[in-house]
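Subject: Model handover

Hi,

Here is the structure I promised to pass on to you. Below it you will find my notes on what turned up.

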Amino acid sequence: MSERRFRHGVVVGKFYPFHAGHAHLIRSAARACDRVTVEVIAASVENIPLERRVAWIREGHPSVRVVDLVDDTPVDFASETAWDAHTATIAGLLDEPADVVFTSDDYGGELARRLGAEWVQVDPGRVINPVSGTAIRADLAAHWSELSPVTRADLAARVVVLGAESTGSTTLAEALAAELGTLWVPEYGRELSETREGGLDAPWRSDEFDLVVDRQIAWEDEALRRVPTPVLVCDTDVLATALWHERYVGFVADRLHARAAAHPPVLYVLTGDEIPFVQDGMRDGEHIRADMQKRFREVLAAQPVPWLEVRGSVAERLAQALPAVRAAVARATLFTAPLEGRPLAEQEQLRRRAGR
């Protein structure tokens, strides 16, 4: 016998961010209803894009209908005017009336009454899933396990280690990841150098660097879904690939620099060229290292992402890099306060400023 008892259920939330409690709520609604509408209602002061929140839900729950809206109406559960406005917004997003409202919080009872629907409270008191958006926003790392892989991929920060040949970038990337308790992504271009037709001796074609970029980003995307903490360390990136294009093809590829600008990390760590050069059979030679390192410095200085150059032993480089890495990750994973977390006077001022 089917578990479904309702025709059309509605779930409403900010999903800021989407977490295990939200997923349990949606699954509960889907089991009990013929169809479910999930309404993602954000405020303009929140810094996670609405389209990303929608994508999180659609990937995890493809059978539900997901609709979205930016709404800066103040949240005041004691105000009849505010209730009327929010109810009208929620009803307006439905393509047909809902006969049941699913929430965890107590406001669901009043919302259901105003929509002329029944109320099902799922996991009251958050006993099954003791997590909330408030707790996650306050300490993302502590609640990282409560997020789906796609949500983690969007929220984790990328730190890129790069440098000229034989400057210790791979060694530092591994060491940084170990210190941070996370994953690191190796350099796809090095793998391609070993497997491409003609190997190291064949001239490089410009289009091969597009392949390197595509594969490098794909490796990053896959790793971002698995990181155990909100940071991923990358041994090279699109910007570095664009500079190696200059070296091996002989001209600046604007398309690669454009892709780099559209895919920035939170921090670049440039490894210094003061250490002895080691020829491993795949490197051009020490004679070009200084010029390449100078080019890295020039390009990093001209782009907007923070960067620093580290020198010395691996331990010394770690000590130089870690404070900057931790500060950059903290900035990148900071949530702005949601609308309802602000005083009512500020909410009203924000609404007027947004023109809604």
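Let me begin with the cysteines. C33 is buried, at a relative accessible area of 1%; here buried means under 20% relative accessible area, exposed means over 50%, and partly exposed is what lies in between (1.4 Å probe, protein chains only). C234 is buried as well, with a value of 0%. The structure has zero disulfides, a disulfide being a pair of cysteine sulfur atoms within 2.5 Å.

A word on conventions before the rest. This is a predicted model, in which local features need pLDDT of at least 70 and side-chain atom pairs count only at pLDDT 80 or more, while totals for chains, interfaces and linings use all residues. Residues are numbered from 1 along each chain as its sequence is written, and side-chain values use heavy atoms, with hydrogens and water left out.

**The chain overall**

The chain has 14 helices and 10 strands; these are DSSP runs numbered from the N terminus, helices being H or I of at least four residues and strands E of at least two. Its C-alpha trace spans about 75 × 50 × 35 Å along the principal axes. Of the 356 residues, 51% count as buried. If you look at contacts (heavy atoms within 4.5 Å) between residues at least 6 apart in sequence, 74% of them join residues at least 24 apart.

**The five-stranded sheet**

There is an open sheet of five strands with parallel pairing, in the order β3-β2-β1-β4-β5; two strands pair if DSSP finds at least two bridges between them. At the edges stand β3 (65-70) and β5 (118-121), each with a single partner strand, so one side of each has no neighbour in the sheet. From one strand to the next the twist averages 25 degrees. Axes here are lines fitted to C-alpha atoms, for helices over the stretch in contact, and angles between N-to-C directions run from 0 to 180 degrees.

Strand β4 (residues 100-103) runs parallel to β5 and is joined to it by four bridges, and T103 is found opposite Q121 in β5. Helix α4 (residues 107-115) packs on this sheet, where it touches β1 (6-13), β4 and β5; the helix direction makes about 165 degrees with that of β4.

**Nonpolar cores**

By a nonpolar core I mean a set of buried Ala, Val, Leu, Ile, Met, Phe, Trp, Tyr and Cys residues joined through side-chain atoms within 4.5 Å. The largest one holds 68 residues, and V11, I57 and F102 touch the most other members. Leaving aside neighbours within four places in sequence, V11 is in contact with L25, I26, A29, V36, T37, V38, E39 and F102. Another core lies apart from that one; it has 22 residues, including A173, V266, A321 and V325.

**Salt bridges**

Which charged pairs are worth a look? The count comes to 29 salt bridges, taking a side-chain nitrogen of Lys or Arg within 4 Å of a carboxyl oxygen of Asp or Glu. Three of them are these:

- E46 and R53 meet through their side chains at 3.0 Å, N to O, and both residues are buried.
- E110 and R113 have their closest N and O atoms 2.6 Å apart. Both lie in helix α4, three residues apart, about one turn of the helix. E110 is partly exposed at 25% relative accessibility, whereas R113 is exposed at 54%.
- E274 and R317 have their closest N and O atoms 3.1 Å apart. E274 lies in the loop between β9 (267-271) and α12 (289-302) and R317 in helix α13 (residues 314-332), so this pair ties together parts 43 residues apart in sequence. E274 is partly exposed at 33%, but R317 is buried at 3%.

E274 and R317 also belong to a network of salt bridges that links D273, E274, R297, E309, R311 and R317.

**Helix α10**

E246 sits in α10 (residues 238-249) and counts as buried at 17% relative accessibility. Neighbours within four places aside, E246 is in contact with F251, V252, H257 and R295. Not counting residues up to four places away in sequence, L243 touches H257, M292, R295, F296 and V299.
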